[in-house]
Amino acid sequence: MVKPAFKKQFLIGGSTESISEVIENILLLLKEKNLQIEDMDFRIELVLREMIANAVEHGCDKNNDFSQIKIKLEIKKNQISISVKDQGDGFEWQKRDLETLPIFAENGRGLIIINKTADRIEFNDCGNKIKVHFDFSEVD
Amino acid sequence: MKGKRVELLFEQQTAVLKIFVEVNFENSNPIKEKSKELISKNNVENLIIDLSSVPYLDSSGIGFVLSIFKFMRDKKGKLILLNPNDKVKRVLEVTKIDTIIKIFYEKEKAVEELS
């Protein structure tokens with residue numbers, strides 16, 4: 001029988017205090033599921049921190065503490081998917097190079113780190129939602 | 001009350017910039033400015049950044065390290081990173097910073113390298 005997908009949603013505000021807490025909660029939840037993902041804690045924390053930092057930096061009204069960033073976690077058959085959506089205008093992700101890591105540049109690493117660490121990455125059309133996928137081998 | 005985030009110490013005449021907090025998108029700019037101010041004010045020629053009290057560096061934190069690296073390079077000085085924790089070490093590896101900046105785990109050896 002196919003297991004139903006596990007879904008959970010988190011809402012956080014434009015402040016940074018809640019970032020560590022939500023990441024901790026997600027990692028704890030994943031640990032409880034006993035998923036066999038290589039280097040899971042490090043990879044998911046790295047990706048989540050960059051995704052949420054982008055959302056806070058570019059997609060939040062810093063004067064409004066109301067929950068503005070939507071984080072969705074979904075676990076189905078062989079895959080964890082995590083999406084982060086903010087209320088900003090997004091960006092032209094189609095024009096960004098997500099492959100070439102700049103060695104000496106001071107900015108522009110976040111999305112490349114996400115792309116290189118997750119198994120797959122996707123955006124909505126306007127670029128205010130990013131979704132990453134991590135594959136795992138299912139354990140009975 | 002906010003504690004101190006960065007201070008400059010001297011270890012056998014070698015400058016050590018000690019960072020006490022996670023460096024992220026929120027605080028990397030003020031930490032960078034403060035660090036450059038301390039380096040300039042003290043005429044630092046070579047520098048160790050002590051990361052032992054830094055729980056995490058995100059990509060903005062990496063930007064901070066690179067900014068200090070270039071700042072020191074422009075002054076013809078050297079930069080060494082000291083004692084990153086496992087997580088920070090992994091971030092330095094993923095971003096390939098470890099290929100351009102030396103990382104040491106013993107302060108004495110880092111000081112010796114710059115002496």
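Contact is defined here as heavy atoms within 4.5 Å. The structure is a predicted model, in which local features need pLDDT of at least 70 and side-chain atom pairs count only at pLDDT 80 or more, whereas totals for chains, interfaces and linings use all residues. Residues are numbered from 1 along each chain as its sequence is written, chains are lettered from A in the order in which they are written, and side-chain values use heavy atoms, with hydrogens and water left out.

In chain A, among contacts between residues at least 6 apart in sequence, 62% join residues at least 24 apart. Chain A contains three helices and five strands, where helices (H or I, at least four residues) and strands (E, at least two) are DSSP runs numbered from the N terminus. The order of these elements from the N terminus is β-α-α-β-β-α-β-β. The C-alpha trace of chain A spans about 45 × 35 × 25 Å along its principal axes. Of the 140 residues in chain A, 46% are buried (under 20% relative accessible area, with exposed over 50% and partly exposed in between; 1.4 Å probe, protein chains only).

At the interface, 22 residues of chain B are in contact with 19 residues of chain A. The buried area, namely the accessible area (1.4 Å probe) that two parts lose on being put together, summed over both, is about 1900 Å² between chain B and chain A, and carbon and sulfur atoms give 60% of it. On the chain B side, the most area is lost to chain A by B:Phe25, B:Tyr56 and B:Ser59, which together account for 30% of what that side buries.

Five salt bridges (a side-chain nitrogen of Lys or Arg within 4 Å of a carboxyl oxygen of Asp or Glu) are counted between chain B and chain A. A salt bridge joins the side chains of A:Arg49 and B:Glu22, at 2.8 Å from N to O. Helix H2 (59-74) and helix H3 (86-94) of chain B each supply at least two residues of the side that touches chain A, and H2(B) gives the most, with eight residues.

Helix H2 of chain B also holds B:Ser60, which is buried with a relative accessible area of 19%. Beyond its neighbours within four places in sequence, B:Ser60 is in contact with B:Asn24, B:Phe25 and B:Ser28.
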